[in-house]
Amino acid sequence: MKLNIHAESAPILTEPQGINNPKAALRHEKVHQYSNEFNADPKNLMVQNAAHSIDFTSLITNRQVLIQDNHVFNTKIPTEAMVTNQKSSGRCWIFAALNVFRIEIMNKYNLDEFELSQGYLFFWDKFEKCNWFLECMIDLRDRDVTDRVVQHLFKEPVSDGGQWDMLINLVERYGVVPKSVYPESFSSSNSGKMNGLILTKLRDHAVTLRKMAALGHSVDQLRQEKDKSLKEIYNIMAINLGEPPKKPFTWAFRNKDKKYYEFKDLTPQSFFKEHVGYPIAETVSVINDPRNKTMELYTVQYLGNISGGRPIRYVNAPIDDLKSLAIQKLKSGKPVWFGADVGKYLHRDAGILDPKLFQYDLAFNISFKMNKAERLLHGDSLMTHAMVFTGVHLDENDKPIRWRVENSWGDVGGDKGYLTMSDAWFSEFVYQVVLEKKIVPQKFLDVLEKDVHVLPAYDPMGALANYY
C-alpha cells in the first residue's frame with residue numbers, strides 16, 4: 001500500500017508581537033465592568049453561594065434528562081456479566097476487549113460470571129511498548145530533539161492506553177488467560193508509580209541511544225544497548241506485576257448447573273483458540289473523523305505496540321454507519337467494543353451520557369458552538385475511553401434513542417455500573433466501533449485495500465483510550 005504522509009513544514013520562529021501590544025493587555029476598567037454586570041444579576045449571586053459548597057454541575061443537572069435516559073432497553077444481548085473494575089489504571093481498552101471475549105466463554109460453558117486476566121495483557125502490552133518506543137528513538141535518531149514528533153513521543157513514551165489493533169497484536173502473540181492464572185497486583189490496579197519509574201528510565205535510555213547515534217554507532221550497536229535497557233524494564237515490571245505464566249496451566253470450574261469442568265496443559269494461546277474462539281483477526285475498526293474524507297483508510301505515524309505486528313488501520317465512515325453497524329451486531333446478540341470521549345457530559349452517579357445533561361446556560365449564560373470536527377481540530381475532544389455496547393433502545397422506525405454501555409469502573413453508579421448513552425451523545429463523542437468482517441458490508445472491506453493516509457504522530461486520532 002502507498003503511504004500518504006501529512007507532512008508539516010517547520011516555520012521560522014519569531015518573537016510574538018501582537019500579544020505584547022499595549023492594546024492587547026487586560027484593562028482594569030473592563031474587569032470592573034465585568035464585575036458590576038455580574039453583581040447586578042441576583043441569579044449569579046445565588047448560584048455563586050450554592051457553588052461555594054457543592055459541585056456546580058449538581059446545580060445545573062437537567063432533571064428531565066435523568067428521567068428520560070433510563071436504563072430500560074428493547075434490544076439487548078442475552079448474556080451480560082458483572083461490571084469489571086480497572087481501578088486507578090488506564091487499561092479500559094483491555095477491559096473492554098476482554099469483556100467482549102468473556103461473553104463467548106460464558107455462553108459456551110453456561111457460566112454465571114467469569115473474568116479474563118487484564119493484568120496479563122497489561123504486562124505484555126507495557127513491555128512491548130517499551131521496545132516500540134526505543135525502536136522509535138533509533139528510527140528518529142537523526143532528528144533534532146526539539147522535533148515535534150520526537151517531543152510528542154518523549155512526552156509519554158508508554159501509557160496504559162491502547163487501540164483495537166494493538167489488542168489484536170497482543171492476543172495473536174501472547175493469547176489470554178483466566179484471571180485466576182494471573183491475578184491483579186497493586187501496580188496493575190494502581191499503575192501510576194510504576195509508570196512514572198518506567199517513563200523516566202525509558203527517557204534515560206533514549207538519551208543514551210541518541211548520544212551513541214551522534215557518535216556514529218551503528219543500528220546493531222544501538223539495539224545491543226536497547227537490550228540492556230529492556231532487561232532493566234523487565235525487572236521493574238516483574239517486581240511490580242509478577243511474571244506471566246511460563247508453564248502450561250489447568251483451568252477448572254463449575255458452571256450454573258454445578259457441572260464440573262477441568263482443562264489441563266493449556267497455554268495462553270491454546271486457551272484463546274480453544275475456549276474463547278473470538279475471530280479477533282477478522283475484525284475491522286470503523287471510525288468517525290469528520291475532519292477527513294470518509295470511506296478512506298487512515299493510520300497514525302509511530303502509533304503501535306508490537307514491532308513487526310499488525311499496523312493500526314481505521315476505516316473512516318459517517319456516524320450513521322457506525323450506528324447501523326453497531327445495531328446490527330447487537331441484534332445478533334453480540335456486544336460491541338467502542339471508543340469515545342467519556343469525560344464529556346457524564347453523570348457518574350446516574351450513569352448517564354447526554355449532551356443535554358448539564359444546563360450551562362442557566363448558571364453561566366453560556367453555550368458551546370463547536371461541532372465535532374472543530375472540537376478535534378482545536379484540542380477539545382478525542383477518544384479517551386473504551387467501553388462495550390450491550391443494548392440499544394429503538395423507536396418504531398428502528399432508529400436509536402439511547403444505548404446501553406458496559407463500563408469498567410466497578411458496579412457503583414448507573415445500573416450496577418452500566419451506563420445509558422443518548423443517541424445525540426453517540427453522534428458527538430463516539431469515535432470508533434469494532435466489528436467482525438463477516439457482518440460488515442463489502443464497501444467497508446474494500447476500503448482496507450486502498451492506499452492508507454498517514455496522520456501525524458500527534459494527531460488526535462492517535463489518542464489511546466486510557467480514561468479512569
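The legends below describe close-up views of a predicted model.

**View 1. Phe101 in the largest nonpolar core.** The largest nonpolar core of the predicted model holds 87 residues. Phe101 and Phe271 are the residues with the most contacts inside this core. Apart from its neighbours within four places in sequence, Phe101 touches Leu116, Trp164, Leu167 and Val171 as well as Phe272, Val276, Tyr278 and Ile280, in each case by contact between heavy atoms.

View 2. In soluble globular proteins, nonpolar side chains tend to be buried together.

View 3. The volume of the largest cavity is about 40 Å³. Its lining consists of Gln163, Ile287, Tyr314, Met383, Tyr431, Gln432, Pro460, Met461 and Ala463. Of the residues in this lining, seven are nonpolar and two are polar, with no charged residue.

View 4. Strand E3 covers residues 249–254 and strand E4 covers residues 260–266. The two strands run antiparallel and are joined by five bridges. Within this pairing, Phe253 stands opposite Tyr261 of E4. Five residues lie between E3 and E4 in the hairpin.

Note on methods: Residues are numbered from 1 along each chain as its sequence is written. This is a predicted model: local features need pLDDT of at least 70, side-chain atom pairs count only at pLDDT 80 or more; totals for chains, interfaces and linings use all residues. Side-chain values use heavy atoms; hydrogens and water are left out. A nonpolar core is a set of buried Ala, Val, Leu, Ile, Met, Phe, Trp, Tyr and Cys residues joined through side-chain atoms within 4.5 Å. Buried means under 20% relative accessible area, exposed over 50%, partly exposed in between (1.4 Å probe, protein chains only). Contact means heavy atoms within 4.5 Å. On a 1 Å grid over the protein atoms alone, a cavity is a set of points where a 1.4 Å probe fits but cannot get out, and a pocket is an open set with protein on both sides within 12 Å along at least five of seven lines; lining residues have an atom within 4 Å of a point. Grid points are joined across faces, edges and corners, and a volume is the space filled by probe spheres set on the points. Ala, Val, Leu, Ile, Met, Phe, Trp, Tyr, Cys and Pro count as nonpolar, Asp, Glu, Lys and Arg as charged, and the others, Gly among them, as polar. Two strands pair if DSSP finds at least two bridges between them. Helices (H or I, at least four residues) and strands (E, at least two) are DSSP runs, numbered from the N terminus.
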